[in-house]
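Hi,

Here's the structure I said I'd pass on. Have a look at it first, then read my notes below.

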Amino acid sequence: MTNATTPPKLAKKRKTTATTKKKKPPSPAKKRKTTATTTPQQSSPILSLPYDLLFNCLARVSRLYYPTLSLVSKSFRSLLASPELYRARSLLGRTESCLYVCIGGFPDCRWFTLCRKPDGLLTSGYTCTRATSSGYVLAAVPSPQDPDKRDPVFPGLVVVGSNIYNIAPRSPLTHNFSHTISILDCCSHTWHDAPCLQMKMTTFSASVLDQKIYVAGCCKDGDSNSYKNLMEVFDTKTQTWDPKPIPCSETFGGLFCNTACLDGKFHVMRDYDVVAYNSKEGRWDRVEKQIGRYIYSKSYCEIHNVLYSCDHGNIVWYDTEARDWRELKGLVGLPEFPSDKKGIRLADYGGKMAVLWHEEWPFNFYGLRKMIWCAEITLEKRKSGEIWGKVEWFDHVLTISTCEILKVLAATV
């Protein structure tokens with residue numbers, strides 16, 4: 001008998017429920033069979049998409065997510081490294097700056113790239129930290145070691161487009177540098193060789209101007225014990241060196257020299273001696289010594305024809321009109337950098353500035369661990385002539401054993 005206060009429909013529903021409960025549950029064997037049939041359809045629906053559709057979707061995804069996507073399957077890893085995908089990205093206008101970090105201190109130098117943090121830890125060749133507030137981490141690039149074991153050095157790493165050029169000695173025990181150059185293709189993460197240098201330099205430094213690599217250094221003058229300064233130029237479009245090295249009567253030789261490209265000229269700096277090569281007029285000129293004041297360390301970079309450096313925990317920039325260094329203002333919220341400038345690296349990150357530094361903390365009784373931090377800074381030149389920086393984010397992006405950040409570069413892929 002139905003309760004008077006209960007609507008008829010509800011009563012009917014309850015009756016149906018009661019009838020259903022009397023049915024026997026399916027046997028375990030039948031359950032397993034049903035589950036086995038439905039599971040493949042629910043496991044990876046993305047893999048069942050047509051190839052052309054999947055290809056076009058991936059071409060539109062930011063490269064920051066590629067390390068995570070490469071873990072989906074082997075076919076994904078192959079597709080993400082294919083030249084066709086990057087041609088499609090270029091046609092769609094989806095190319096972007098990707099940050100690469102070369103870290104030494106291992107049996108071999110290792111390469112890392114900045115990426116967005118997945119939900120968990122990255123595996124299968126990628127090493128990331130756990131949750132960070134910014135969502136950025138450094139992921140180890142799978143198998144990017146130079147097969148010829150040419151150990152990278154700061155002055156020999158430059159980037160042109162999607163290629164990172166490594167000009168380095170074959171062995172750290174020799175003072176004679178290799179005659180060959182290796183190229184890391186940041187699309188496929190594979191190495192190949194470029195034509196050899198014509199001269200064997202004992203010290204050198206390289207920079208890029210108009211897609212040409214300028215390598216300045218010194219080498220032995222014949223069979224004598226004296227040395228001469230010279231420069232070689234590599235055209236990355238034709239993959240050829242200029243027929244003859246360019247001599248330089250000015251002195252920039254010695255144990256160390258740094259280079260930078262400003263105002264369309266290739267500058268070579270050693271201590272306070274600075275010379276610049278004018279490629280249009282084919283001559284060397286001595287320039288204002290003040291420009292080399294903060295370029296004795298490895299903590300410098302050029303962004304939009306402005307030279308930046310780090311000194312005593314502050315970021316400074318060179319004012320070509322005032323011929324003096326000025327402090328980069330703003331940077332609200334950015335923590336203090338360590339006093340040791342050796343661990344700070346700056347890079348042009350698609351017109352913004354990337355700053356990487358490390359902090360040491362005890363790991364166990366046998367050594368230290370290093371926390372690597374990264375900051376992304378937007379730059380703005382104001383009407384007053386001052387340059388201000390705005391911190392987009394900064395965070396701890398990697399924890400690693402004792403190491404050195406050799407160089408930070410941004411490739412366009």
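Two strands count as paired if DSSP finds at least two bridges between them. Helices (H or I, at least four residues) and strands (E, at least two) are DSSP runs, numbered from the N terminus. With that in hand, strand β5 (residues 163-166) and strand β6 (residues 181-185) pair antiparallel over 4 bridges, and isoleucine 164 sits opposite leucine 184 in β6.

Before the rest, some housekeeping. This is a predicted model, where local features need pLDDT of at least 70 and side-chain atom pairs count only at pLDDT 80 or more, while totals for chains, interfaces and linings use all residues. Residues are numbered from 1 along each chain as its sequence is written, and side-chain values use heavy atoms, with hydrogens and water left out.

On confidence: pLDDT is the predictor's confidence in each residue, from 0 to 100. The protein chain averages 80, and 77% of the residues score at least 70. Residues 1-22 are below 50, and this stretch has 3 contacts in the model beyond near neighbours in sequence (contact means heavy atoms within 4.5 Å). Residues 120-132 also stay under 50, but there the model has 40 contacts beyond four places in sequence. Where pLDDT is low, the predicted coordinates should not be read in detail.

Back to the sheets. β5 and β6 belong to an open sheet of 4 strands in the order β4-β5-β6-β7, with antiparallel pairing. β4 (157-160) and β7 (190-194) are at the edges with a single partner strand each, so one side of each has no neighbour in the sheet. Neighbouring strands here are turned by 30° against each other on average, direction ignored. (Axes are lines fitted to C-alpha atoms, for helices over the stretch in contact, and angles run from 0 to 180 degrees between N-to-C directions.)

Another open sheet has 4 strands in the order β13-β14-β15-β16, again with antiparallel pairing. Its edge strands, β13 (258-262) and β16 (283-286), each pair on one side only, and the twist averages 25° from one strand to the next. Inside it, 5 bridges join β14 (residues 265-270) to β15 (residues 273-278), and phenylalanine 266 has tyrosine 277 in β15 as its bridge partner.

There's also a hairpin of β19 and β20, with 4 residues between the strands; arginine 323 takes a positive phi near 55° there. The antiparallel strands β19 (residues 314-319) and β20 (residues 324-327) are joined by 4 bridges, and aspartate 319 is partnered with aspartate 324 in β20.

Lastly, the helices. The axes of α3 (residues 51-59) and α6 (residues 83-91) come within 9 Å and cross at roughly 60°. That makes α3 oblique to α6 (under 35 degrees is roughly parallel, over 145 roughly antiparallel, 65 to 115 roughly perpendicular, and the rest oblique). Phe55, Leu58 and Ala59 in α3 meet Glu84, Leu85, Ala88 and Arg89 in α6.

Cheers
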